[in-house]
Amino acid sequence: MSSFVTRSERAGNIFFRITALIRSGQLQWADRPAWYDVYVAHPPLTPHDWNVQLPKYNEPVKKIFYEEDIVRAQFYKNHRNVGHVSMDKEGDSISQQFINEYQALSKEEPNLPMEEMFAKTEKRLEDVGLYLRRQPKKESTEETKKASTEESNTSGNQ
Amino acid sequence: MNSAALRSLIRRVGASGARPFSAKTAAADASATTRPRGAPSADTLQKGSVQPTVLRPYVAPELETEDLFGLHSLVNVDEMFEARLHYGHKIGTLHENMKWALYGERLGVCIFDLEITRKHLIRALDFVAHVVSRGGIILFISTHRDTMLDVEKMAEEVGQYAHVRFWQEGTLTNMKQLLGASVRMPDTMVFLSSLTSMSERHPAIIEAAKMTIPTVGIVDSNSDPSYLTYLVPSNDDSPQAVAYLLRLFKEACQRGAAYRAKQL
């Protein structure tokens, strides 16, 4: 079989070339390859010519975002270090627990502003026993900076 | 339905005048019961070269059975998700011809639509099982160092073949020179990773296309699917994903071989 077939793989896909051999009489119908019948009954779901452009070619890819991503982003802004996420462990991560609590709260009190919602959710988690360390606030960091510079100044003078 | 019953049905429909029994439906019924014998005509072949399903009446009847090997229920989205089949590569490496298989991009990482993957995986498994049931040889090919031994072991277990080492140019196209004898070529090649470690297309893909050997390719989001016959869009880098796919292909090979043993 392979002695007849054209080896220029761009001339047509494999099925086209074998069918062409049968059509032209170079290959007898009875001598067709073993995969030929299977291909006829279960053809590929996508065209497979070498230069075919499959659907969505040159189209932008959809970005996947969820509504709770806003809460998640804000959560990680407030709490940078909440520990590692173990992919083997069953159950929700800390951020997911926070989001679950946040969503439950937003159903109970839909009119609260976001900042209050965050404070309330944190309080609720603390009640259950999940303490979240907050990032130090900017004002306090400036104060500490000031204090530290004053200290260094005084130490420099001495 | 026997001919007497058919005739009475025609009479009944004709008498009530609800729906005339058209010649078209009669022809469809006839083709379902009587299969044409011998080779298809040149005209049918010409149509078939574009639309392969036209040739269905001419191939073996057991091929018409949907899900002959019971493989469809083996593939489910939950297990695929557990096996991490949905992870693609970074969005910057995405191949234009792989966008059809994506669900979207999550924070810069391509995510496959597992419903699409499932459909294509079932089709590929059916193809492999049928080829094995007709006495075909399957060659499993991979370039992944992490999983090469698993691929070899699995191929040996089902009595098929594997090639996971360096691909010598001309292994298929210049076989007689390289091997010193005429060797039977594989009937189907399964690429468990379609790229080499240099992120280039595996050289065996072109050689298979030249020798008209159908190929089943696991294509990741950065792979080039051209020249591959059956595509399975999926993660091909995680050991878990490869183990899952190997398990399914093993099952397909075993069921095909068992069917063949029963027929012979």
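His86(B) sits in the loop that joins helix H4 (77–82) to strand E1 (87–90) of chain B. Helices (H or I, at least four residues) and strands (E, at least two) are DSSP runs, numbered from the N terminus. The model is predicted: local features need pLDDT of at least 70, side-chain atom pairs count only at pLDDT 80 or more, and totals for chains, interfaces and linings use all residues. Residues are numbered from 1 along each chain as its sequence is written, chains are lettered from A and ligands numbered from 1 in the order in which they are written, and side-chain values use heavy atoms, with hydrogens and water left out.

The relative accessibility of His86(B) is 7%, so the residue counts as buried. Buried means under 20% relative accessible area, exposed over 50%, and partly exposed in between (1.4 Å probe, protein chains only). Beyond its neighbours within four places in sequence, His86(B) is in contact with Phe81(B), Cys110(B), Ile111(B), Phe112(B) and Leu114(B). Contact means heavy atoms within 4.5 Å. Leu149(B) lies 63 residues from His86(B) along the chain, and their C-alpha atoms are separated by 24 Å.

Chain B as a whole has nine helices and eight strands. It has 264 residues, of which 48% count as buried. Among contacts in chain B with a separation of 6 or more, 63% come from residues 24 or more positions apart. The accessible surface of chain B is about 13000 Å², and carbon and sulfur atoms hold 53% of that surface. These areas come from the Shrake-Rupley method with a 1.4 Å probe; for residues, only the protein chains shown count as cover.

Val232(B) belongs to strand E8 of chain B. Its relative accessible area is 0%, so Val232(B) is buried. With neighbours within four places in sequence left aside, Val232(B) is in contact with Thr117(B), His120(B), Leu121(B) and Ala124(B), and also with Val216(B), Gly217(B), Ile218(B) and Val219(B). Glu200(B) is 32 residues from Val232(B) in sequence, with 18 Å between the C-alpha atoms.

Most residues other than glycine have a negative phi, and most peptide bonds are trans. Ser199(B) is not a glycine, yet has a positive phi of about 55°. It lies in the loop between strand E6 (188–191) and helix H8 (203–210) of chain B. Ser199(B) counts as exposed because its relative accessibility is 51%. Tyr227(B), also not a glycine, has a positive phi of about 75°. This residue is in the loop between strand E7 (215–219) and strand E8 (230–233) of chain B. Tyr227(B) is buried because its relative accessible area is 7%.

For chain A, UniProt lists residues 5–127 as "domain: Small ribosomal subunit protein mS23 conserved" in an unreviewed entry. UniProt positions are given in the numbering used here, feature names are shortened, and annotations may be inferred rather than shown by experiment. Over residues 5–127, chain A is 47% helix and 0% strand. The end C-alpha atoms of this stretch are 76 Å apart.

Helix packing in chain A was examined next. Two packed helices are described by the angle between their axes and the distance between the axes. Helix H1 (residues 14–24) of chain A and H2(A) cross at roughly 115°, and their axes come within 11 Å. Ile14(A), Phe15(A), Ile18(A), Thr19(A) and Ile22(A) of H1(A) make this contact with Trp35(A), Tyr36(A), Tyr39(A) and Val40(A) of H2(A). Axes are lines fitted to C-alpha atoms, for helices over the stretch in contact, and angles run from 0 to 180 degrees between N-to-C directions.

Helix H3 (residues 69–78) and helix H4 (residues 94–108) of chain A pack at about 125°, with axes 10 Å apart. H3(A) and H4(A) are therefore oblique to each other. Angles under 35 degrees count as roughly parallel, over 145 as roughly antiparallel, 65 to 115 as roughly perpendicular and the rest as oblique. From H3(A), Val71(A), Arg72(A), Phe75(A) and Tyr76(A) meet H4(A) residues including Ile94(A), Phe98(A) and Tyr102(A). Asp69(A), Val71(A), Phe75(A) and Asn78(A) of H3(A) are buried. The buried residues of H3(A) pack against H4 and helix H5 (114–128) of chain A, and also against strand E2 (102–106) of chain B.

Pro47(A) lies in the loop between helix H2 (34–41) and H3 of chain A. It counts as partly exposed because its relative accessibility is 44%.
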